[in-house]
Amino acid sequence: MKAKKPDAELVCKQFEDALAPRLRLSTTDRAVYYHLLRHSRFESKSRLHFSIIWLARNLGLTEETVRAALRRLVQHRALRLVERSKAGHVMDVRLPEEVPGARRSRAETRVAVPSPDCGNLEEIDFMRTPEPRQAIHAREGGVCFYCLRRIGPQMQCLDHVIPRAQLGPNSYRNLVSCCLECNSRKGERPAADFLRSLYREGRLTGAELIGGLQSLNDLAAGNLRPILAPLLRRSTS
């Protein structure tokens, strides 16, 4: 897939000055992102097909370390998982300016401060209307929060990390986008227990399990904020 070749110097400045600090990326995350960027956008390709073994060998890292970094970058939406199979991974590699987490710093005050349009993000019921629900799906980038499979719009649903039966709220801190299968199988089990069951079944690696548990902590802490204001502005225009 051809893409316009970006200004490498500008991209590096945007990444180091804005995106990496904003997302609190580790040294490993940065190395993985830069390597994929080098072999994709810097070669006029937006999409890259690669294997974990190839990436690990090139960077001198273990496969588990690389898998964990990829999961974090997908969660942060610096990468978008298109396909995962025995033949390898297919990823869309986003430039820093294309990553929602980078844009959020400019829009954060509009989202966090109460306003007639969207109110305080912490007070919004994300199940009430389509726009907030779509914001949760967009946050996950079309990937199931639990099993990491790529899912189409017709197979997406929202799951309460803390079930409604246990008084779990309709907050962005308690809602994730997942596939219909995971939503059905999880039921009213705690999300962490469900992730561990996927690991025992071989559907998640050890690194992916650790990454999933960390994502649950980030979710509860309010670190995985959806981008809501633009959606609401479109719906009211």
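By class, eight nonpolar, two polar and five charged residues make up the lining of the largest cavity, where Ala, Val, Leu, Ile, Met, Phe, Trp, Tyr, Cys and Pro count as nonpolar, Asp, Glu, Lys and Arg as charged, and the others, Gly among them, as polar. The model is predicted, so that local features need pLDDT of at least 70 and side-chain atom pairs count only at pLDDT 80 or more, while totals for chains, interfaces and linings use all residues. Residues are numbered from 1 along each chain as its sequence is written, and side-chain values use heavy atoms, with hydrogens and water left out.

**Exercise 1.** State the mean pLDDT of the chain, and locate residues over which pLDDT stays under 50.

*Solution.* The mean pLDDT (the predictor's confidence in each residue, from 0 to 100) of the chain is 82, and 86% of the residues reach 70 or more. Over residues 103-118 pLDDT stays under 50, and the model has 25 contacts (heavy atoms within 4.5 Å) beyond four places in sequence for them. Over residues 230-237 pLDDT also stays under 50, with eight contacts beyond four places in sequence.

**Exercise 2.** Describe the largest cavity by its volume, its lining residues and the elements that supply them.

*Solution.* Begin with the search of the whole structure, which finds two cavities of 30 Å³ or more; here a cavity is a set of points, on a 1 Å grid over the protein atoms alone, where a 1.4 Å probe fits but cannot get out, and lining residues have an atom within 4 Å of a point. Grid points are joined across faces, edges and corners, and a volume is the space filled by probe spheres set on the points. On that basis, about 210 Å³ of space lies in the largest cavity. Of the 15 residues that line the largest cavity, Leu70, Arg71, Val74, Leu81 and Leu148 are the closest to its centre. Next, assign the lining to helices (H or I, at least four residues) and strands (E, at least two), which are DSSP runs numbered from the N terminus. The elements that give two or more residues to this lining are α4 (63-75), β2 (79-85) and β3 (88-93), and the largest share, five residues, comes from α4.

**Exercise 3.** Give the phi values of serine 44 and leucine 148, and place each residue in the chain.

*Solution.* Most residues other than glycine have a negative phi. Phi of serine 44, however, is near 65°, a positive value; serine 44 lies in the loop between α2 (27-38) and β1 (47-50), and is buried with a relative accessible area of 16%. Phi of leucine 148 is near 70°, also positive, and leucine 148 is found in the loop between α6 (130-140) and β4 (156-160). Leucine 148 is buried, with a relative accessible area of 11%.

Note on methods. 1 Å grid on protein atoms, 1.4 Å probe; cavity = no way out; pocket = protein on both sides within 12 Å on 5 of 7 lines; lining within 4 Å. Buried < 20%, exposed > 50% of the residue type's maximum accessible area, 1.4 Å probe, protein only.
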